[in-house]
Amino acid sequence: MRYIKIIVTSVVALILALVSAAVGGAAPVIVVVAMSVVVGLGWSLAVGVPARYRHNVIILISGILAALLSWLHPEQRFVWLPAIVGVALIATFIAELVRGEGAKHRLESTISSVVAVLAVVSSSGWIALSQSLHASGQSPLTAVLISGLVSFVVIGVIGARLVASAPQEGPKRGIASLAVTPVALLGPAVLFTSHWVGIVVA
């Protein structure tokens, strides 16, 4: 049942991301912010991070900030994203240091939180995809459909690894974040795929 929920949630998240990219406007921003909220609030529970509230805030702010910058400055695309990841990485280190000397699972907590930050920041690629497709003046349907098919295959591989890495008896509230994370991570990859689809179709 656990795996079925993750699969269904992941497919729904992917469909919403693809549809929002095709619709354009504020739709992809809403979906990306929603992804950041789901991952930000559930990731620490899913992977068992001890200081989850600090990490939740770092993940959540990183995703929302990346989404807003991608939306408000479409000409810059991913220019600000490395800076957001860098600051989030430092904040994650600080969040672990303030736990005090002798705290357990520091390395695991840091690595898992960095993965979540990369996911929510990468999710802004769905916004860039939508902006790119609509700026080209061509119908986004073909690029979205082909990118969606590629995404399904990639998500199957990434998702299986994420599910396998999570505690078997983890809290149920964190399951959705495991399902959304692969979809969020695919943002830049889908943009790259759609670009080449556009070249081939043209």
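Select helix H6, residues 125–135, in this predicted model. Its buried residues are Gly 125, Trp 126, Ile 127, Ala 128, Leu 129, Ser 130, Gln 131 and Leu 133. Because 8 of the 11 residues of H6 are buried, the helix is largely enclosed by the rest of the structure.

Next, colour the chain by pLDDT. The mean for the chain is 79, and 74% of the residues reach 70 or more. Among the elements, helix H7 (residues 141–165) has the lowest mean, 63, whereas H3 has the highest, 91. Where pLDDT is low, the predicted coordinates should not be read in detail.

Proceed to helix H3, which spans residues 52–72, and display it together with helix H5, residues 106–122. Two packed helices are described by the angle between their axes and the distance between the axes. For H3 and H5, the axes come within 8 Å and cross at roughly 20°. Angles under 35 degrees count as roughly parallel, and H3 and H5 are therefore roughly parallel to each other. Their crossing is right-handed. To see the contact, select His 55, Ile 58, Ile 59, Ser 62, Gly 63 and Ala 66 on the H3 side, with Ser 109, Ser 113, Ala 116, Val 117, Val 120 and Val 121 on the H5 side. By class, the residues of this contact comprise 7 nonpolar, 5 polar and no charged.

Now select Thr 92, located in helix H4 (residues 81–97). Is Thr 92 buried or exposed? At 1% relative accessibility, Thr 92 counts as buried. Apart from neighbours within four places in sequence, Thr 92 is in contact with His 55, Ile 58, Thr 110 and Ser 113. Of these partners, His 55 and Ile 58 belong to the H3 side of the contact with H5, and Ser 113 belongs to the H5 side.

Return to H3 and select Asn 56, which lies in that helix. With a relative accessibility of 10%, Asn 56 counts as buried. Its contacts, leaving aside neighbours within four places in sequence, are Gly 40, Leu 41 and Ser 44.

H5 passes H8 in a left-handed crossing. Select Leu 118, Ala 119 and Ser 122 in H5, which meet Thr 181, Ala 184 and Leu 185 in H8. This contact has 4 nonpolar, 2 polar and no charged residues.

Terms used. Residues are numbered from 1 along each chain as its sequence is written. This is a predicted model: local features need pLDDT of at least 70, side-chain atom pairs count only at pLDDT 80 or more; totals for chains, interfaces and linings use all residues. Side-chain values use heavy atoms; hydrogens and water are left out. Axes are lines fitted to C-alpha atoms, for helices over the stretch in contact, and angles run from 0 to 180 degrees between N-to-C directions. Helices (H or I, at least four residues) and strands (E, at least two) are DSSP runs, numbered from the N terminus. A crossing is left-handed if the near helix is turned anticlockwise from the far one by less than a right angle, and right-handed if clockwise. Contact means heavy atoms within 4.5 Å. Ala, Val, Leu, Ile, Met, Phe, Trp, Tyr, Cys and Pro count as nonpolar, Asp, Glu, Lys and Arg as charged, and the others, Gly among them, as polar. Buried means under 20% relative accessible area, exposed over 50%, partly exposed in between (1.4 Å probe, protein chains only). pLDDT is the predictor's confidence in each residue, from 0 to 100. Angles under 35 degrees count as roughly parallel, over 145 as roughly antiparallel, 65 to 115 as roughly perpendicular and the rest as oblique.
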